[in-house]
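Visitor: I'd like to learn how to read the features of a fold. Could you walk me through this one?

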Amino acid sequence: MKRWITFSYRNPDLPPFSCEFAGRRRRVLDLPLLAWLTVIWVLLWSSLSWANVVTGMVVAVAVCLAFPLPQVDLGLRLHPWGILVLAGYLLYDMYTSGVKVTRQIFVGLPHRAAVIAVPLRCRSDLMLAATAVAVSNVPGGAVVEVRRATATVFVHVLDADRPAVLDAARQSVWRMERLTVRAFGTRDEIARVAEPPPPLRPPTLPRTDEPGAGS
């Protein structure tokens with residue numbers, strides 16, 4: 001049986017908090033926009049009543065159907081279970097990392113800091129920004145640069161004395177990316193983060209035949 005109205009929770013291809021009307025022409029209504037237009041209508045009448053609210057909703061739907069805005073999909077999807085897992089991991093990681101940083105401060109042993117490049121699997125601007133924010137919220141690591149062209153984040157690591165520590169820092173960033181995408185990403189992005197992390201590129205060394213390469 002064909003549905004006349006499809007909500008975003010039944011169709012993951014729709015923007016969040018929206019509904020689609022069946023017909024020859026595809027009509028998608030943004031529910032937060034309808035609510036905001038209804039609020040503006042009530043404010044214009046300066047009176048909160050059921051009549052004004054219902055009239056405002058009818059006018060908002062009519063305006064959005066008559067003058068549809070171009071559809072802009074930011075690539076944001078809300079997955080409740082993924083959001084809970086991400087929030088729980090962030091709290092756990094913030095606690096353990098805070099204890100580790102505090103121990104390093106009070107022990108007083110010298111540690112060598114470093115900035116490492118971590119290539120990500122998702123290339124969308126939203127997932128890059130969300131992953132960078134999530135990584136920066138954890139003590140002991142901070143994103144100093146995000147390179148959009150190569151989907152690479154550069155992370156400042158406090159303890160860089162051993163290669164195993166650097167590898168653990170990269171694994172932590174990839175784990176944060178996977179949890180962030182599973183909380184807010186699309187189906188294609190979730191499938192992408194299920195794949196192995198991209199290989200690390202070796203550092204570019206100067207050629208020996210170039211002038212000044214050996215100096």
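Visitor: How many bridges join β4 to strand β6?
Guide: Two strands pair if DSSP finds at least two bridges between them. Here six bridges join β4 to β6 (residues 152–157), and these strands run antiparallel. One example is A117, whose bridge partner in β6 is F154. Strands are DSSP runs of E with at least two residues, helices are runs of H or I with at least four, and both are numbered from the N terminus.

Visitor: What should I know about the model itself?
Guide: The model is predicted, so local features need pLDDT of at least 70 and side-chain atom pairs count only at pLDDT 80 or more, while totals for chains, interfaces and linings use all residues. Residues are numbered from 1 along each chain as its sequence is written, and side-chain values use heavy atoms, with hydrogens and water left out.

Visitor: In what order do the three strands of the open sheet come?
Guide: The order is β4-β6-β5, with antiparallel pairing. β4 (114–119) and β5 (141–147) are the edge strands, each pairing on one side only. From one strand to the next, the twist averages 25°.

Visitor: Which helices lie across these strands?
Guide: Helix α4 (residues 125–136) lies across β5 and β6, at about 160° to β5. Helix α5 (residues 163–184) lies across β4 and β6, at about 45° to β4. Axes are lines fitted to C-alpha atoms, for helices over the stretch in contact (heavy atoms within 4.5 Å). Angles run from 0 to 180 degrees between N-to-C directions.

Visitor: How do I describe two packed helices?
Guide: You give the angle between their axes and the distance between the axes. For α1 (residues 31–45) and α2 (residues 50–66), that's about 130° and 8 Å. The two are therefore oblique to each other: under 35 degrees counts as roughly parallel, over 145 as roughly antiparallel, 65 to 115 as roughly perpendicular, and the rest as oblique.

Visitor: Which residues make the contact?
Guide: On α1 they include L33, L37, W41 and W45, and on α2 they include V53, M57, A60 and C64. The contact residues divide into twelve nonpolar, four polar and no charged. Ala, Val, Leu, Ile, Met, Phe, Trp, Tyr, Cys and Pro count as nonpolar, Asp, Glu, Lys and Arg as charged, and the others, Gly among them, as polar.

Visitor: And the chain overall?
Guide: There are six helices and six strands, in the pattern β-β-β-α-α-α-β-α-β-β-α-α along the sequence.
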